[in-house]
Amino acid sequence: MSHPESTKENGLPFYASGLVVKGFGRGSKDLGIPTANFSRDVIKDLPENISTGVYFGWAQVDKSPVYMMVMSIGWNPFYQNIEKSMEIHILKQFDEDFYGSNLKVKVVGFIRPELNFNSVDELVNTIHSDIAYAKQKLDENDNKDVFFDL
């Protein structure tokens, strides 16, 4: 699969911030991949040129260090969502939930369009592949401080 690079034409990088809200409860429970979810207010303010799909970049919870992240934007066709979501998987193990915390993200790259899957295993395997790709790209180009010094 080819992965387009970040350019002004595809709207990257872009930034988002807001409070972490409860999602569908599937990330940790069903998939073993915990996610932090932005509210509808953050989702409705997405730039128009940002399409649904899987992205990667940097995340910061409140005043924490900055961590790598992978983010899904879309309808999650496997689960047939009726609401668009922004789900962020931070590549760090947290000891507890952080609902109500302020989450800032800097999205620097696009991985793939939103897809449907035939099974939970296929979905989980694809997410793990997305995570590996994101780690590789973020390790190559460590530009996390550009946004988070504000």
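This is a predicted model: local features need pLDDT of at least 70, side-chain atom pairs count only at pLDDT 80 or more; totals for chains, interfaces and linings use all residues.

Reply: Residues are numbered from 1 along each chain as its sequence is written, and side-chain values use heavy atoms, with hydrogens and water left out.

Me: How many helices and strands does the protein have, and in what order do the elements run?

Reply: Helices (H or I, at least four residues) and strands (E, at least two) are DSSP runs, numbered from the N terminus. The protein has 3 helices and 6 strands, and from the N terminus on the order is β-β-α-β-β-β-β-α-α. Of its 150 residues, 46% are buried, that is, under 20% relative accessible area with a 1.4 Å probe and protein chains only.

Me: How should I read strand pairing, and which strands pair with β1?

Reply: Strands of a sheet pair through backbone hydrogen bonds, either parallel or antiparallel. Here two strands count as paired if DSSP finds at least two bridges between them. Strand β1 (residues 14–21) runs antiparallel to strand β6 (residues 102–112), and 6 bridges join them. Within this pairing, Phe14 stands opposite Val107, and Gly18 has Leu103 as its bridge partner. With strand β2 (residues 36–38), β1 pairs in the antiparallel sense over 2 bridges; there Val20 stands opposite Phe38.

Me: What do the 6 strands form together?

Reply: They form a closed barrel in the order β1-β2-β5-β4-β3-β6, with antiparallel pairing. Neighbouring strands of this sheet are turned by 40 degrees against each other on average, direction ignored; the axes are lines fitted to C-alpha atoms.

Me: How is a pocket found, and which residues lie nearest the centre of the second largest pocket?

Reply: Rolling a probe the size of a water molecule over the atoms shows where empty space is left. On a 1 Å grid over the protein atoms alone, a pocket is an open set of points where a 1.4 Å probe fits, with protein on both sides within 12 Å along at least five of seven lines; lining residues have an atom within 4 Å of a point. The second largest pocket is lined by 13 residues, with Val21, Lys22, Phe38, Arg40 and Glu83 nearest its centre. At least two lining residues come from each of β2, α1 (40–44) and β5 (85–90).

Note on methods
Axes are lines fitted to C-alpha atoms, for helices over the stretch in contact, and angles run from 0 to 180 degrees between N-to-C directions. Buried means under 20% relative accessible area, exposed over 50%, partly exposed in between (1.4 Å probe, protein chains only).
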